[in-house]
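Colleague: I am new to this structure. Please take one part of it and show me closely how it sits in the whole.

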Amino acid sequence: MKETYEPALQREADADLFFDIDPASVQTEYEILQLMRRLVARYGYAHFLIARLPMGEEQRFSERLVLSNWPAELVRQYDAEQIFPASVLVERLRRTKLPVAGGPELLQQAGRGMERGATRHLQPYPEMARHFAVLLHTTSGEPFLAMLSGRRQEPIGGERAMIYLALIKLFECLERTFDAGQATRERLSSREIECLRWAAAGKSGDEIAIILGISAYTVASYFKSATRKLDAVNRVQAIARALRMKLI
């Protein structure tokens, strides 16, 4: 009997260790990414995403993504077909606070036009045959969805509850990085943000100087101060951090 119960007890102990994570101790989006990878591996999934839920405004799916390891081609399909706002997944999450589970149909378009056969279909991904999604909110009420995808069947009972709790704790950690990003935005000047934005678009320092009507020396000064405020080691890292923090 001891051998029968040991694996289950070990899984429970592992889960307890995971839930002991203190959100205040997780400082970066990279740390959260690693925790998400641990979560999907522990529960037999392959892919994950956290995204802002559509609220009627026009925005590409890729711009809503906050954290994801989805295949790039699938993200491009969602952008090209504009499926996400009218997907079965989003429609179901808007009607319940409970987890939503299902197969490939969750990623398909729902709503108007279905009865006329106008539903758009995505390329199938065998490693994303089943999905488990939950609706989460920031402390200010902004809605997000978190979803795990893989080949495994829908979790039930205690396992379902543990996955839900893990996602809530990870989202709590992620929201703290939003607050950090907002604080950084407040510290960066409008000129610093403009310089970073143009640099991210591929413009050189001289070109940015012409666009903004300032000297190249001044542009370099803005980059230097922005790099310091973003705690980056160079301009490239500063741009990468600004992009990741949704500052530009």
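Modeller: What follows starts at one residue and widens out to the chain. This is a predicted model, in which local features need pLDDT of at least 70, side-chain atom pairs count only at pLDDT 80 or more, and totals for chains, interfaces and linings use all residues. Residues are numbered from 1 along each chain as its sequence is written, and side-chain values use heavy atoms, with hydrogens and water left out.

Start at Ser149. Its place is in strand β5, residues 143–150. Helices (H or I, at least four residues) and strands (E, at least two) are DSSP runs, numbered from the N terminus. Ser149 is buried, with a relative accessible area of 0%. Buried means under 20% relative accessible area, exposed over 50%, and partly exposed in between, with a 1.4 Å probe and protein chains only.

Now its neighbours. The side chain of Ser149 makes a polar contact of 2.7 Å with that of His131. Such a contact is a pair of N or O atoms within 3.5 Å; within protein, one must be able to donate a hydrogen and the other to accept it, and residues adjacent in sequence count only if both atoms are side-chain atoms. Leaving out residues up to four places away in sequence, Ser149 touches Tyr45, Ala46, His47, Glu127, Met128, Arg130 and His131. Contact here means heavy atoms within 4.5 Å.

The largest nonpolar core has 27 residues, and Met36, Leu39, Leu148 and Leu167 have the most contacts inside it. Elements giving two or more residues to this core are α2 (29–42), β1 (47–52), β2 (65–68), β4 (130–137), β5 and α6 (157–187). The largest share, seven residues, comes from α6. Apart from this core lies another, of 25 residues, among them Leu65, Ile83, Leu106 and Ala110. A nonpolar core is a set of buried Ala, Val, Leu, Ile, Met, Phe, Trp, Tyr and Cys residues joined through side-chain atoms within 4.5 Å. In soluble globular proteins, nonpolar side chains tend to be buried together.

Step back to the whole chain. It has 10 helices and five strands. Of its 248 residues, 42% count as buried. Among contacts with a separation of 6 or more, 58% come from residues 24 or more positions apart.

Gly205, Asp206, Ile208 and Ala209 in α8 meet Ala216, Val219 and Phe223 in α9.
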